[in-house]
Amino acid sequence: MSYLVLIFISAIMDAVTVKVYVEKWLGKPTLRISTIAYWGIFILTELASRGGQLFMIDVSQEKAMVSQVSAHIVIMLVFICLYDSRIAECISAFIIWVLGYLVSIGLSDVVVITTDQMLYDGGITHLISVMDMYAQFIMLPVLIIILVVRNYVSGRYSFKQLVIVLITPMISCYLYLIIPEQIVLLSGYGFIFVLIIVLVLNVLNYYLFDNMVDNYKLKNQVTMLGYQLEHQSDKYDQLVLSYKKIGSMVHDTQKHISYIRSCIEEKEYDRIRTVCDRYEEELKNKYVVSKTGNLVIDTFVNSAYTFAQNNGVKFHTDFKFDKNSIMVSDYDMCIIIGNLLDNSINACKKQKEKEGVYIKLAIVQTDRHLVIDVKNSSTQSDVGGSKDMTHGYGIQNVKNTMDKYNGIMEIKNTYGEYETLVLIPINQD
């Protein structure tokens, strides 16, 4: 096989490897230089690396391999540094690539040496060229396997997705090891054609599956946003109801003022005292239970209290925090408090026996965190987690908000009680 053909194929494989691996590992980062300059550097380094093989005629195979491997490692280090990413990510990408390359060059060494009469015409330069080219073919499936496992460890892939997407690169690695012995009748170029077909299938499979996972996650996010919009709509309806209650209270207040004015004109001061006491008690029990100064918290707590009063549910609150220390926006606090209280309310609605049904809400400030602890009574059928879809989306929305603020969420579900505990960092200034 022509030495120039080997150089060309190896250079193309280097380009594909850089494109697939580096960008997938680093997350499609921007280049520190222009695209033209990037590929110009790539071509120059490839020419220097491949041209160096011409001077390996009189050296041993071991020295030639060490020289070629070292050249590839240095070149890859240069190209990773051309991407605008964090140093830690670049270092991890480089280390993993080096390990994958060493594995690939080792496998290619075994394959090429055992099938040398079929694959090359002799000479150390041609042998190194064939081994380098074959290592490039083996390396991409190996790197795809590494990327897939990384996605699984990071939680991007489920175990089922991990198994599905690993099938193609693992079979490909196996085929790369056994194909050379099975194609004695094929010419060198036919052999390369088989390798290319397998490689294209690997790349297409990985990209298609990766995009499918992204689309699936995007669909879930759209569903969650739809639920959150519905949730916000419900909260709006609750606010409308609250305003209606306020309107009713204003109407009643006008009547009380008119009555008090009549009592003053008739000098019936004892009646005024009685009316004021009754009205004050009514306001306290019917309209306001939370006066923390945080509008979102007060709104949702008072709404939950109204539900508890109307449904025979015991509602306990414990507030010890400084509203000025809360770093969470009103929108995000609405997601946290609204979803947690809604979950507790829905759990109480499902309990047939109303005796002993309760909701406990504690919002307490420590030195470093705002602690929100929501508990509600539960039955044995609730243990193990709710299967209600809206409940799941609500908890997921709270979790996403916790990630946004570097907070922590913990769920405890035992017989008799369901508890959700969140810790949100507070302003340390």
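This is a short walk through one predicted model, from the overall chain down to a few single residues.

Okay, so let's begin with the whole chain. We have 429 residues, and 43% of them are buried. The fold is made of 12 helices and seven strands. If you take the contacts with a separation of 6 or more, 74% of them are between residues 24 or more positions apart.

Now, how far do we trust it? The average pLDDT for the chain is 76, and 76% of the residues score at least 70.

On to the annotation. The UniProt entry, which is unreviewed, lists "transmembrane region" for residues 6-22, 65-83, 90-113, 133-153, 162-179 and 185-209. I looked at two of those in the model. How much helix is there over residues 133-153? That segment is 100% helix and 0% strand, and its end C-alpha atoms are 31 Å apart. Residues 65-83 come out at 89% helix and 5% strand, with 28 Å between the end C-alpha atoms.

Next, a helix pair further along. Helix 10 covers residues 295-311 and helix 11 covers residues 330-350; their axes come within 9 Å and cross at roughly 10°. Angles under 35 degrees count as roughly parallel, and therefore helix 10 and helix 11 are roughly parallel to each other. Who's touching whom? On the helix 10 side we have Val296, Ile297, Phe300, Val301, Ala304 and Phe307. Facing them from helix 11 are Asp330, Met333, Cys334, Ile337, Gly338, Leu341, Ile345, Cys348 and Lys349.

Leaving aside neighbours within four places in sequence, lysine 354 is in contact with Asn311, Gly312, Cys348 and Lys349. Asparagine 311 is 43 residues away along the chain, but the C-alpha atoms of lysine 354 and asparagine 311 are separated by 8.3 Å. Lysine 354 is partly exposed, with a relative accessible area of 35%.

Lysine 267 has a positive phi of about 60°, and it's not a glycine. You'll find lysine 267 in the loop between helix 8 (188-265) and helix 9 (269-286). Is that lysine 267 side buried or exposed? Exposed: the relative accessible area of lysine 267 is 62%. Asparagine 406 isn't a glycine either, and its phi is positive at about 55°. Asparagine 406 belongs to the loop between helix 12 (389-404) and strand 6 (408-414). Asparagine 406 is exposed as well, with a relative accessible area of 66%.

Definitions and conventions: Residues are numbered from 1 along each chain as its sequence is written. This is a predicted model: local features need pLDDT of at least 70, side-chain atom pairs count only at pLDDT 80 or more; totals for chains, interfaces and linings use all residues. Side-chain values use heavy atoms; hydrogens and water are left out. pLDDT is the predictor's confidence in each residue, from 0 to 100. UniProt positions are given in the numbering used here, feature names are shortened, and annotations may be inferred rather than shown by experiment. Helices (H or I, at least four residues) and strands (E, at least two) are DSSP runs, numbered from the N terminus. Axes are lines fitted to C-alpha atoms, for helices over the stretch in contact, and angles run from 0 to 180 degrees between N-to-C directions. Angles under 35 degrees count as roughly parallel, over 145 as roughly antiparallel, 65 to 115 as roughly perpendicular and the rest as oblique. Contact means heavy atoms within 4.5 Å. Buried means under 20% relative accessible area, exposed over 50%, partly exposed in between (1.4 Å probe, protein chains only).
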